[in-house]
Amino acid sequence: MEAPPTPPVALGALLRDRELGLAHRAGPAETEVHGVHASEMADPSPYLLGGELLLTAGAALTDAQAYVARLAEAGVAALGFGVAPVHEVVPPGLAEACDRYGLPLLEVPPGTPFTAVARAVWRLMAEARTRELRRVTEAQQSLAAAAARPDPVPAVLSRLAAALGGWAALLPTAPAPAEPGPAQPSAVAGTGPTGATPSDEVGRAQASAGAPPGAEAFAAVAALARRVAPGAAATATDTLGGAQLAAYAVGGGHALALVTPSRAPGDHTVASVAAVLLTLLTAHRPAGAEAAALTRLLLDADPAAALPAGPWHVVLAHGPGDPQALAAALGTVLLDPRGERVRLLTDREPAPQPGWRLGVSAPAGPGELPAAAAQARRALRRAEAARTPLVRHTDGGLGSLLDPAEARAHAEALLAPLGPVLRETLRAWLAHHGSWDRTAAALAVHRNTVRQRIARAATLLGTDLDDPDTRMELWFALRWEAPAGPPPGPGT
């Protein structure tokens, strides 16, 4: 699982750092800082991503209003103005402009280098990231423990709602069917596209935990749940009146719905773990062994003790399709989507899937999965290079990595200038590591005959036979030229 992004730093934390000695001079006193940038350009906005604390001594400051307007438009989080050596005090016009555009303005005293401010920001960001990683790890372990309880689905939703401080539920991905006859009054306002009210869909939720949201928020998150139906998006997010809404596909006609007061950087990681667990727990086919496997993996990372004997196939897939749909087609719920690359673990024999390139490992037991994952990576590289839908890993050395037809075609093209006698002489000479005497003895000819034939072969091929790369390529071609496949090597 990828680590969550680094949380921002509160501007107040910098103001409270006595060693920096920063002072708030204008604009809001609180905001979130995502980075630091120092510039003396009159317009640094083309080099900013947004969210930075911009540090400047005002060397190019001529029009404070235009300068601050450009910074505000670029999304700068705050402006740190260093007094001395250019300005003895913060220019009044700069403070007025920051108040007008709502940009926090900090005074950086002469004894505080800009590098000290930057280091403080990076230190605070590192501390925040450590706290966030610890929170995410504890939430993952808590969810895994909940999945192992006798009533796992409500337990997972309860732990998720507690971890995110909001409401979590399994909602149907299909709208409620309209009832015939006049509509019945409902205690919850708002209706779906078929006439079903939010309260109707609350009753259709498989399980929920946390304080229920209001009618408007529920209607919005129920709509998000319908957007992550099979074959559609895997996740969907929205905001409503300060509430953060999200839906995650879990299969079985349901989606994980979330309504939370905020969205921290690690919340998506926590929710994704919960969605995978709920997918396992609600799968139509028996998934007890797989659920136990994932639970144990999250707790103690011991696949050999968690998974059945198998055999298992590790699949690495590349393509623009829906990872959940791919997993369903391969008969598994064990997947790890990472952008356009998806890792899957299945106990079925994988078959090609439209729109995907698949690299498939050799059958492996639970304790062999790391090696199988490496096999799947190599197989996917071969599938992408050959533009073929699926490549399976096979043992057997270099020959197993090649397509026989392509190898023979290459061999015939390379050896085309040579007749049968020169080919046989070259084969013997290479097999005996360039020894004239041993080659002559093997062919029952004079050593000078061998020299003449090898010289002739080098001329026809237009190559240097003393080059080890050339020898390797020619030996490869000679081994593959026979229609029956690569012949045995010397001494066999």
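**Close-ups of a predicted model**

In the protein chain, residues 24 or more positions apart account for 64% of the contacts with a separation of 6 or more. Keep in mind that this is a predicted model.

**Figure 1. The whole chain, before we zoom in.** Of its 492 residues, 44% are buried. The accessible surface comes to about 24,100 Å², and carbon and sulfur atoms own 56% of that area.

**Figure 2. Helix α15 meets helix α16.** Here we have α15, residues 436-443, and α16, residues 447-461. Their axes come within 8 Å and cross at roughly 100°, which means α15 sits roughly perpendicular to α16. On the α15 side, the residues making the contact are W436, D437, T439, A440 and L443. Over on α16, their counterparts are R447, V450, R451, R453 and I454. Sort the contact residues of the two helices by class and you get five nonpolar, one polar and four charged.

**Figure 3. R25 and E107 pair up from strand to strand.** Side chains of opposite charge can pair when their charged atoms come close. R25 and E107 form a salt bridge, with 2.7 Å between the closest N and O atoms. This pair ties together distant parts of the chain: R25 belongs to strand β2 (residues 23-26) and E107 to strand β7 (residues 105-108), 82 residues apart. How exposed is R25, going by its relative accessible area? R25 is partly exposed, at 45%. E107, on the other hand, counts as buried, because its relative accessibility is 18% and the cut-off for buried is under 20%.

**Figure 4. R392 reaches a loop residue, E349.** Look for another salt bridge here, between the side chains of R392 and E349, at 2.7 Å from N to O. Again the pair links distant parts of the chain, 43 residues apart. R392 is in strand β17 (residues 390-392), while E349 lies in the loop between β15 (341-346) and β16 (357-360). R392 is partly exposed, with a relative accessible area of 30%, whereas E349 is exposed, at 53%.

Figure 5. R427 and E424 form a salt bridge in which the closest N and O atoms are 3.7 Å apart. Both residues are in helix α14 (residues 420-431), and because they are three residues apart there, about one helical turn separates them. R427 counts as partly exposed at 21% relative accessibility, and E424 is partly exposed too, at 40%. How many salt bridges does the structure hold? The count is 12.

**Figure 6. P91 in its loop.** P91 is found in the loop between β6 (78-82) and α3 (92-101). Is P91 buried or exposed? P91 is buried, with a relative accessible area of 17%. Leaving out residues up to four places away in sequence, P91 touches L61 and F81. P91 and L61 are 30 residues apart in sequence, yet their C-alpha atoms are 9.7 Å apart in space.

Definitions and conventions:
Residues numbered from 1 in each chain as written. Predicted model: local features only at pLDDT ≥ 70, side-chain atom pairs only at ≥ 80, totals over all residues. Heavy atoms only, no water. Axes fitted to C-alpha atoms, helices over the stretch in contact; angles between N-to-C directions. Helix = DSSP H or I, 4+ residues; strand = E, 2+ residues; numbered from the N terminus. Parallel < 35°, antiparallel > 145°, perpendicular 65-115°, else oblique. Contact = heavy atoms within 4.5 Å. Nonpolar A, V, L, I, M, F, W, Y, C, P; charged D, E, K, R; others polar. Salt bridge = Lys/Arg side-chain N within 4 Å of Asp/Glu carboxyl O. Buried < 20%, exposed > 50% of the residue type's maximum accessible area, 1.4 Å probe, protein only. Areas by Shrake-Rupley, 256 points an atom, 1.4 Å probe, with all protein chains shown as cover.
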